[in-house]
Number of protein chains: 2
Amino acid sequence: MKKYKGKKKQVYLEEHSIAHLFSFSVEDFIEVHEYQRNDWIIQESMRPDFLFYVIEGKAKIYITHQNGKVSLINFINANEYIGEMELLHDVYYTKGIQASTKTICFALPIYYYRKQLLEDAKFLRELTKFLSVKATEMAAKYTQSLAFPLENRLADFILQTADQGVYKERHVTVCDYLGVSYRHLQHVLRQFCDKGYLNKEGRNYQIRQYHSLKELAQVLHN
Amino acid sequence: MKKYKGKKKQVYLEEHSIAHLFSFSVEDFIEVHEYQRNDWIIQESMRPDFLFYVIEGKAKIYITHQNGKVSLINFINANEYIGEMELLHDVYYTKGIQASTKTICFALPIYYYRKQLLEDAKFLRELTKFLSVKATEMAAKYTQSLAFPLENRLADFILQTADQGVYKERHVTVCDYLGVSYRHLQHVLRQFCDKGYLNKEGRNYQIRQYHSLKELAQVLHN
DNA sequence: CTCAAAATAAGAGATATCTCCTATTATTTC
DNA sequence: GAAATAATAGGAGATATCTCTTATTTTGAG
């Protein structure tokens, strides 16, 4: 992890101003952090000292279960908060947050800002919306995972993450995210290829029958 | 559904005052609603006109999937909000909310109060906490459902809901909640009886080996 | 550039969970 | 209080998903 200082810091603060998120100034103690791919922004079970706001990059929220299984709870993208649970709650089991690309965050020291933040309607309004979306998304994922087999959920995931008709997520990540074994993921991907929905090209998969995947994915959504 | 008026309404408003949740008065347009067991407080996909705050009773949040499966997303208890998603978002797929016991709610007409509510730090702070807990709970349930078989999740549920050592939830409800088939739930309950963890008494189950269930449940939690 | 670690690939067999079916017993409703 | 509806009970067979294993390929650190 690197902390930006001086000129570089100023440039970031100006070009990605977050002043509109608060009704008071957070400039005094704000830091700008840069994390490399695979760096841990927050380690599991270690309470962070900052409320982070992601400016660039992408990160993953992980939890490790007692049976050794690891779940990728969700992805975090630019313009999202990290550490807001700890800001709000004194008692909270902190999840691990790992950068999956180079990630730049603003970091507000909780120690200095907590009190003010919790009294700021502007900040709270946006955080409320952010959390309500999270809660809704998690509820949707939860019920979908119980109501539909991998076939449907994977089709949805492929369509969501494919870039110009090519799906290229890493299997290990996808297993943790969709909560299935590596072996089973392979099995269903193979089926998609056999049925002609996808075409395997090395590590990537070219989408061949968009409509078939769409059909499988559609039943997840209301 | 009944609306309380006059004296009865006044008594409720006084005995269960929610003035501390807001920094302005919501008395002018507030209503007091009573729902019977099995009444729908909100119908799925029908946007409600009120933000509800539950005073007494218990309700269930349902969603119906396109394949006909029904998921019981969560329970709602006293001192929780209903309809907060619709307050926050103009576009939202409304879930069904059904009273599972006689339920009394305060109902704030969104039309009148929305603007003020979204500017009230006191209200927003508590709502933020409420939603953060929801999001965390849903994330936990989601990852647990993927990482552990029914055996563990059911043990946890039994311990959470048993009353004086007796488990007496309806199977149909539990299936929807834990996202498994009726048949499978029966199967695992039977196993618990065969192993001596539970003893079936008519429709109820007496807990016989608390520690065995505890052991199964414990692995879910960090 | 090299070696260790991680990711991919796939077979084989186990098991968790589902679907479909048929009875029996409670609960509601008119 | 009888008839309709919902809940419970369980058999039988299917399938979605997991675990374990072994081999090959790719990636990352020094």
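Reader: Which conventions should I keep in mind before I read any of the values?

Author: The model is predicted, so local features need pLDDT of at least 70 and side-chain atom pairs count only at pLDDT 80 or more, whereas totals for chains, interfaces and linings use all residues. Residues are numbered from 1 along each chain as its sequence is written, chains are lettered from A and ligands numbered from 1 in the order in which they are written, and side-chain values use heavy atoms, with hydrogens and water left out.

Reader: How many residues of chain B are in contact with chain A, and how much area do the two chains bury?

Author: Contact means heavy atoms within 4.5 Å, and by that rule 46 residues of chain B are in contact with 46 residues of chain A. Buried area is the accessible area, taken with a 1.4 Å probe, that two parts lose on being put together, summed over both; for chain B and chain A this is about 3,900 Å², 66% of it on carbon and sulfur atoms.

Reader: Which elements of chain B supply the side that touches chain A?

Author: Helices (H or I, at least four residues) and strands (E, at least two) are DSSP runs, numbered from the N terminus. Those of chain B that give two or more residues to this side are strand S5 (59-64), strand S6 (70-76), helix H2 (84-88), helix H4 (121-147) and helix H6 (171-178), and H4(B) gives the most, with 21 residues.

Reader: How many residue pairs are in polar contact between the chains, and how many salt bridges are there between them?

Author: A polar contact is a pair of N or O atoms within 3.5 Å; within protein, one must be able to donate a hydrogen and the other to accept it, and residues adjacent in sequence count only if both atoms are side-chain atoms. Between chain B and chain A there are 13 residue pairs in polar contact, both residues being at pLDDT 80 or more. A salt bridge is a side-chain nitrogen of Lys or Arg within 4 Å of a carboxyl oxygen of Asp or Glu, and the count between chain B and chain A is 0.

Reader: Where, then, can I look at a salt bridge in this model?

Author: Side chains of opposite charge can pair when their charged atoms come close. The count over all chains comes to 10 salt bridges; among them, Asp90(A) pairs with Arg114(A), the closest N and O atoms being 3.1 Å apart. This pair links distant parts of the chain, 24 residues apart, with Asp90(A) in the loop between helix H2 (84-88) and strand S8 (96-99) of chain A and Arg114(A) in helix H3 (residues 110-117) of chain A.

Reader: What rotation superposes chain B on chain A?

Author: Copies are superposed by least squares on the C-alpha atoms of residues with pLDDT of at least 70 in both. A rotation of 180° with 0.0 Å of shift along its axis superposes chain B on chain A, with an RMSD of 0.1 Å, and the two copies are therefore related as by a two-fold rotation axis. The same surface serves both copies, since 100% of the contact residues of chain B recur in chain A.

Reader: In what order do the strands of the open sheet in chain B run?

Author: Two strands pair if DSSP finds at least two bridges between them. In chain B, 5 strands form an open sheet in the order S1-S2-S9-S4-S7, with antiparallel pairing, and the edge strands, each pairing on one side only, are strand S1 (2-4) and strand S7 (81-82) of chain B. Within this sheet, strand S2 (residues 31-35) and strand S9 (residues 103-109) of chain B pair over 5 bridges, and Glu31(B) stands opposite Ala107(B) in S9(B).

Reader: Which residues is Cys193(B) in contact with, once its neighbours within four places in sequence are left aside?

Author: Cys193(B), which lies in helix H7 (residues 182-194) of chain B, is then in contact with Leu198(B), Lys200(B) and Tyr205(B).
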